[in-house]
Each structure stands twice: as structure tokens, then as C-alpha cells.
Amino acid sequence: MASTVIGAGITVEGEITTDEDVVVAGTVRGKLSAKEGVAIEHGATVEADVVSGSLVVAGSLTGNVTAIERVDLQSGARVVGNVKAARVTIADGAQFKGNVDMEV
Amino acid sequence: MAANGNVSVIGRTTRVRGRITGAVDLEVQGFVDGEVAVAGDVTVDAHGMVGASIQGRRLVVRGAVRGDLLGEESVLLEDGARVVGDVRAPRVAIAPGALVRGFVETGEGERGAARTARVAAAATPARPPAAVVPARAPAAAAPPAPASKPAPKAAPALAVAGGAAGTNHAPHRRPPPPVVPALKKAKGQLAKKRER
């Protein structure tokens with residue numbers, strides 16, 4: 001269960017740093033770094049570089065992503081930016097533009 | 001805890017540097033170093049810390065806030081709250097155990113009341129007035145008695161710099177130097193009043 005929630009209708013402009021999970025349903029501009037998982041929900045807008053343990057995107061993300069474990073772009077996601085992670089999945093129906101680096 | 005639906009939570013280990021705006025409720029359990037302005041309710045948890053002003057419909061504070069609190073409806077400072085800043089809302093409640101340092105205004109104060117509030121806040125015996133009083137005494141006593149230390153140095157420099165701006169009465173917050181020109185103008189009267 002996420003302990004930090006940026007709900008729909010909330011806008012954060014700046015830097016978010018945390019050791020716990022983050023769920024974004026609203027808007028984040030700036031930078032987002034979490035030790036655990038980050039979920040960008042459907043309808044959310046993130047214009048930020050994201051550093052996290054893992055990342056699930058169902059909303060809109062513009063920025064570079066670095067995840068320790070995995071990045072999952074779900075159907076309906078819209079991602080522009082470079083993705084670097086051990087594992088990356090892109091579901092059918094996800095829009096994506098950027099480089100993928102899986103450290104082969 | 002009602003961590004459902006439209007509640008946004010800044011968790012315990014989360015640190016936000018920047019602005020938080022929005023139309024819904026917000027709960028701060030972590031650290032926010034930036035302005036918070038939402039249309040909904042804001043709760044600052046016992047572990048929460050906010051380093052800037054908070055604006056919302058109803059504010060409940062159990063943690064630390066360094067900044068002004070502005071509530072559309074109410075501000076509730078509960079046990080454990082530590083607030084350094086002005087508190088303004090139609091209804092303000094300060095529970096036993098809450099610590100506040102700042103100006104508090106209840107009722108439908110117009111937004112323009114901010115100015116009055118700031119003046120009043122400056123007049124509270126918390127900080128600078130203490131600096132103003134000693135500054136006057138040496139300045140008035142400076143010409144006859146060569147005993148005082150900072151005034152003789154400051155006064156000539158300010159006589160040049162502050163001559164044109166002599167009418168600009170320094171506010172209470174300022175450190176001693178700006179106070180001197182204002183006093184210099186009225187020095188004669190002051191000296192009479194004080195010494196006789």
C-alpha cells in the first residue's frame with residue numbers, strides 16, 4: 001500500500017524524494033525519486049525525471065526514467081523519454097517514444 | 001485512516017521541495033519545503049513538517065509548520081502542533097499543548113488585513129523591538145558622550161547615505177543602522193525629551 005499519494009486534482013511542482021511507494025494520480029512537475037515502487041495512474045500527468053525501484057505507468061509521463069528493477073508501461077500509457085531498467089515491458093496499446101536501456 | 005479516493009498523502013519518509021496546489025484534500029505526514037495551496041482540507045500530521053505557508057479550506061495541524069496558515073473556514077492547532085507564523089481564519093482553535101509563535105487573527109478579516117497584521121506582529125515583544133530601544137539611547141547620547149561604540153561609526157555614514165531618504169521611517173524589524181537617520185532628524189527634540 002502506497003504511503004504517498006498525489007491524488008487527482010493535486011499538482012506538485014518541485015522535487016519529491018521518498019523511501020516509500022508513491023502513487024501519482026495528479027500532476028507532478030520536476031523530479032520524483034523513490035526507493036520503492038512508483039505508480040503513475042491513468043489520468044495522471046508526470047513531467048519529471050523519475051528514479052525509483054520499479055515503475056508502473058498507465059498515465060502520461062514525460063521525462064527520463066531510471067528504475068532498479070523494472071518498468072512496466074501499461075496499455076493507455078503515454079511515455080516520452082528514455083527508460084533505463086533491468087527489465088522493461090511495454091504493453092500493447094502503450095505509446096512510447098524514447099530509448100530503452102536494459103543493461104544487457 | 002481515510003486513505004481513499006481523493007485524499008492525497010505525503011508519506012512519512014517523503015520530502016517534497018516545491019509547490020503543492022490543487023482542489024482536493026491533502027495530508028502531510030512527511031516533509032514539505034514549499035508553499036501548499038489547495039482548495040480542500042489540509043492536515044499536517046504529528047510527524048509532518050511544512051516549511052512554508054499553507055492555504056486551504058480547513059487546516060488541522062498536529063505537526064510543525066514554519067510559515068503562515070490561512071484557512072478559508074478554520075484553522076485547528078491540536079496538541080503537539082508547533083507553528084511559527086501568522087494564523088488567519090474565520091475560526092481559529094488552539095488546543096492545549098499546541099505551540100504558536102506569530103500573529104493570530106480570527107473572523108472575516110479582509111485579505112488587506114495582512115499589512116495590519118504584519119505591523120502588529122512586529123509589535124509583539126518577541127524579537128526586534130529590543131534592538132530598537134538600545135539603538136536610540138546611544139544615538140541620542142552620542143554627540144556629548146564619546147562612550148558609545150557603534151553609533152559614532154554608523155551615524156556619519158548614514159548622514160551621507162540616508163540624508164535624502166531621511167523621511168523614510170525604518171520599520172521595527174530593521175537592525176539599528178536604518179533607525180539612525182530617522183532619529184537624527186528629530187535628534188534635537190529627542191534629546192530634550194530624554195535628557196530633561
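Biologist: In strand 4 of chain B, which residue is the bridge partner of Arg15(B)?

Modeller: The partner is Phe31(B). Two strands count as paired if DSSP finds at least two bridges between them. Strands here are DSSP runs of E with at least two residues, helices are runs of H or I with at least four, and both are numbered from the N terminus. Strand 2 of chain B and strand 4 (residues 31-33) of chain B are joined by three bridges and run parallel.

Biologist: What am I looking at, and how do I find a residue?

Modeller: Residues are numbered from 1 along each chain as its sequence is written, while chains are lettered from A and ligands numbered from 1 in the order in which they are written. This is a predicted model, in which local features need pLDDT of at least 70 and side-chain atom pairs count only at pLDDT 80 or more, while totals for chains, interfaces and linings use all residues.

Biologist: In what sense does strand 2 of chain B pair with strand 5 (residues 36-38) of chain B?

Modeller: That pairing is parallel, over three bridges. Within it, Ile20(B) faces Val36(B) of strand 5.

Biologist: Where does Gly34(B) lie?

Modeller: Gly34(B) is in the loop between strand 4 and strand 5 of chain B. Along the chain, Gly34(B) and Gly18(B) are 16 residues apart, yet 4.5 Å separates their C-alpha atoms. Residues are in contact if their C-beta atoms, placed from the backbone, lie within 7 Å. Leaving aside residues up to four places away in sequence, Gly34(B) touches several residues, including Gly18(B), Ala52(B) and, from the other chain, Gly14(A).

Biologist: Why is Gly34(B) classed as partly exposed?

Modeller: Count its neighbours: 20 or more other C-beta atoms within 10 Å of a residue's own make it buried, 12 or fewer make it exposed, and anything in between is partly exposed, with C-beta atoms placed from the backbone. Gly34(B) has 18 such atoms within 10 Å, so it is partly exposed.

Biologist: How many bridges join strand 2 of chain A to strand 2 (residues 15-22) of chain B?

Modeller: There are eight, and these two strands run antiparallel. You can trace the pairing residue by residue: Gly14(A) stands opposite Gly18(B), and Glu15(A) has Arg17(B) as its bridge partner.

Biologist: How many residues does the contact take from each chain?

Modeller: Chain A gives 20 residues and chain B gives 22. On the chain A side, strand 1 (4-6) and strand 2 (10-18) each supply at least two residues. The largest share, nine residues, is from strand 2 of chain A. By class, that side holds six nonpolar, ten polar and four charged residues. Nonpolar means Ala, Val, Leu, Ile, Met, Phe, Trp, Tyr, Cys and Pro, charged means Asp, Glu, Lys and Arg, and polar means the others, Gly among them.

Biologist: What is each chain built from?

Modeller: Chain A has zero helices and 13 strands, and chain B has five helices and 15 strands. Buried residues account for 40% of the 104 residues in chain A and for 31% of the 196 residues in chain B.

Biologist: Which residues touch the most other members of the largest nonpolar core?

Modeller: A nonpolar core is a set of buried Ala, Val, Leu, Ile, Met, Phe, Trp, Tyr and Cys residues joined through C-beta atoms within 7 Å. The largest one has 59 residues, and Val24(A), Leu32(A), Ile40(A), Val46(A), Val57(A) and Val61(B) touch the most other members. Strand 6 (residues 45-57) of chain A gives the most to this core, with six residues. Beyond residues up to four places away in sequence, the contacts of Val46(A) include Val24(A), Leu32(A), Ile40(A) and Leu61(A).

Note on methods:
Two residues are in contact if their C-beta atoms, placed from the backbone, lie within 7 Å.
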